[in-house]
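Hello,

Here is the structure we talked about. Please have a look; my notes follow below it.

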Amino acid sequence: MQKSRHSGAQSVSVSFDGPHVAVIMDGNGRWATAHGLKRSAGHEAGLRTAREIVEAAVREGVGTMTLYAFSSDNWKRPTPEVTALMRLFRRALLGEAKRCLENGVRLTILGRRDRLPSSLRHTIEQVEALTASGTRMHLRVAVDYSARDAILRAAVAMRGEPTSREQFSEMLARVDHDRLPAAEVDLVVRTGGEQRLSGLLLWECAYAELLFVPKMWPEFTAEDLADALEDFRGRNRRFGLAPEQVAS
């Protein structure tokens, strides 16, 4: 898929071939509780899983991967848990930036930034600049993200002017600090046994295939990702067409 990266008056073409896989990493806390651990231990385990899955996604030829790490509604959680998560995000970014760079992965953070700690915002800017040349895979991590809020902000920014879907996608990317137009999601994988999108990429998921996995996120493996991609590739995607049109 081709996208344009805007820098001032220049537009640079960036190619990320392969499907866009969005992952709702659910179940860290429940996994920790089931193992007699603190919820923070579940988030630590979830980070290790995320590292494994990103590396597997690169090997599997995924073009774009979006990880749903922290929704705007998660601010309602107990303050100690939120504080620990913010620290974990920053440590994860610092630890994974070099790995992303070495593997040709471009890393961007989606969502609001005004409510994030200043140290985390600074780290985000550093990591995005460091990995901006990556063309093998685009890794997007959604933090303080809400699709409904993003769509509303984009609509307000357009000020009711006539627009195309492509122009609106570009505005949607802009309001969420993604310098690339939002890519259509091909496959959504949600762990933890729940069967809902929870506000993830609602605009981009219009024709996404959905896969709900009973495993908690810390239990999800590279083999599970491979199985999910195999299942996805076997599905008949019609995008509103009749079966005979797709067959022809």
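Met-65 touches His-20, Val-21, Val-23, Ile-53, Val-54, Ala-57, Met-137, His-138, Leu-139, Arg-140 and Leu-225, leaving out residues up to four places away in sequence. Contact here means heavy atoms within 4.5 Å. This is a predicted model: local features need pLDDT of at least 70, side-chain atom pairs count only at pLDDT 80 or more, and totals for chains, interfaces and linings use all residues. Residues are numbered from 1 along each chain as its sequence is written, and side-chain values use heavy atoms, with hydrogens and water left out.

Cores next. Met-65, Met-137 and Leu-139 touch the most other members of the largest nonpolar core, which has 42 residues. Helix H3 (residues 79–102) gives the largest share of this core, seven residues. Another core, of 13 residues, lies apart from it; Ala-22, Ala-142, Tyr-145 and Ala-147 are among its members. A nonpolar core is a set of buried Ala, Val, Leu, Ile, Met, Phe, Trp, Tyr and Cys residues joined through side-chain atoms within 4.5 Å. Buried means under 20% relative accessible area, exposed over 50%, partly exposed in between (1.4 Å probe, protein chains only).

Now the whole chain. Of its 248 residues, 48% count as buried. The chain has eight helices and eight strands. These are DSSP runs numbered from the N terminus (helices H or I, at least four residues; strands E, at least two). Among contacts with a separation of 6 or more, 72% join residues 24 or more positions apart.

Six strands form an open sheet with parallel pairing, in the order E5-E6-E4-E3-E7-E8. Strands E5 (105–110) and E8 (209–212) stand at the edges with a single partner strand each, so one side of each has no neighbour in the sheet. Neighbouring strands are turned by 20° against each other on average, direction ignored. Pairing requires at least two DSSP bridges between two strands.

Strand E7 (residues 187–190) pairs with E8 in the parallel sense over four bridges. Val-189 stands opposite Leu-211 in E8. Four bridges also join E7 to E3, again parallel. There, Val-21 stands opposite Leu-187 in E7. Both faces of E7 are covered: Leu-187 and Val-189 are buried on one side, Val-188 and Arg-190 on the other.

Helix H7 (residues 222–233) lies across E3 (20–24), E4 (64–71), E7 and E8, at about 140° to E7. Axes are lines fitted to C-alpha atoms, for helices over the stretch in contact; angles run from 0 to 180 degrees between N-to-C directions.

In H6 (residues 165–175), the buried residues are Phe-168, Ser-169, Met-171, Leu-172, Ala-173 and Val-175. They pack against helix H5 (147–158). His-177 follows H6 and has a positive phi, near 65°. Glu-81 sits in H3. Glu-81 counts as buried because its relative accessibility is 12%. Glu-81 touches Arg-39 and His-43, not counting residues up to four places away in sequence.

Best wishes
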